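Student: I would like to learn how to read helix packing and salt bridges from a model. Please take them in turn.

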Amino acid sequence: MAPPTNAPWFAGSLRYWQLYLAALDGAGDDLVEQLTEAWERTRAWRHRRDLGRLLCDVLEARGDYVGALELALKVDEVERDAGAETVPARIACLLARTGRLAEAAATYIVEERELVRYPLRRRQSV
């Protein structure tokens, strides 16, 4: 089936879901290479974000915390460049897993101060 001409995101989305299913299926060692190639070739920020998160999950599951941290920083940059709000919780967690506890704590403290807190609305009795 050829991608529709009026949906330029179709191919990128299709590739993401193929790789996602391969990750769920426990694909072999070439999954990291396939995800990395897709990450580098994709231009749409949403697909880059989604592929980056998936690759980060795979790297983390395989115990490559340093690689996952480097990628999480890149994904955070993609999100910020796109104007999306980010919460660096994954970065803080990966910093802790790589033994950089002071940096992880500092990231968490900065994160707490930067989060937007909306006032809770109290339910009014009827």
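Student: In which hand does H2 pass H3, left-handed or right-handed?

Tutor: A crossing counts as left-handed if the near helix is turned anticlockwise from the far one by less than a right angle, and as right-handed if clockwise. H2 passes H3 in a left-handed crossing. Helices here are DSSP runs of H or I with at least four residues, numbered from the N terminus. The model is predicted: local features need pLDDT of at least 70, side-chain atom pairs count only at pLDDT 80 or more, and totals for chains, interfaces and linings use all residues. Residues are numbered from 1 along each chain as its sequence is written, and side-chain values use heavy atoms, with hydrogens and water left out.

Student: At what angle do the axes of H2 and H3 cross, and within what distance do they come?

Tutor: Two packed helices are described by the angle between their axes and the distance between the axes. The axes are lines fitted to C-alpha atoms over the stretch in contact, and angles run from 0 to 180 degrees between N-to-C directions. For H2 (residues 30–41) and H3 (residues 45–61), the axes come within 9 Å and cross at roughly 155 degrees. The two helices are therefore roughly antiparallel, a label for angles over 145 degrees.

Student: Which residues make the contact between H2 and H3?

Tutor: Contact means heavy atoms within 4.5 Å. H2 contributes Leu31, Val32, Leu35, Thr36, Ala38, Trp39 and Glu40, while H3 contributes Arg48, Leu51, Gly52, Leu54, Leu55, Val58 and Leu59. By class, the contact has 10 nonpolar, 2 polar and 2 charged residues.

Student: How many salt bridges does the structure hold?

Tutor: A salt bridge is a side-chain nitrogen of Lys or Arg within 4 Å of a carboxyl oxygen of Asp or Glu. The structure holds 7 of them. In one, glutamate 79 meets arginine 53 at 2.5 Å, N to O. That pair joins helix H4 (residues 65–81) to helix H3 across 26 residues.

Student: Is glutamate 79 buried or exposed?

Tutor: Buried means under 20% relative accessible area, exposed over 50%, and partly exposed in between, with a 1.4 Å probe and protein chains only. Glutamate 79 has 9%, so it is buried. Arginine 53, at 38%, is partly exposed.

Student: Which residues are linked with Asp57 in a network of salt bridges?

Tutor: Glu60 and Arg90 are linked with Asp57 in that network. The closest N and O atoms of aspartate 57 and arginine 90 are 2.1 Å apart. Aspartate 57 lies in H3 and arginine 90 in helix H5 (residues 89–97), 33 residues apart.

How values were computed. Parallel < 35°, antiparallel > 145°, perpendicular 65-115°, else oblique. Nonpolar A, V, L, I, M, F, W, Y, C, P; charged D, E, K, R; others polar.
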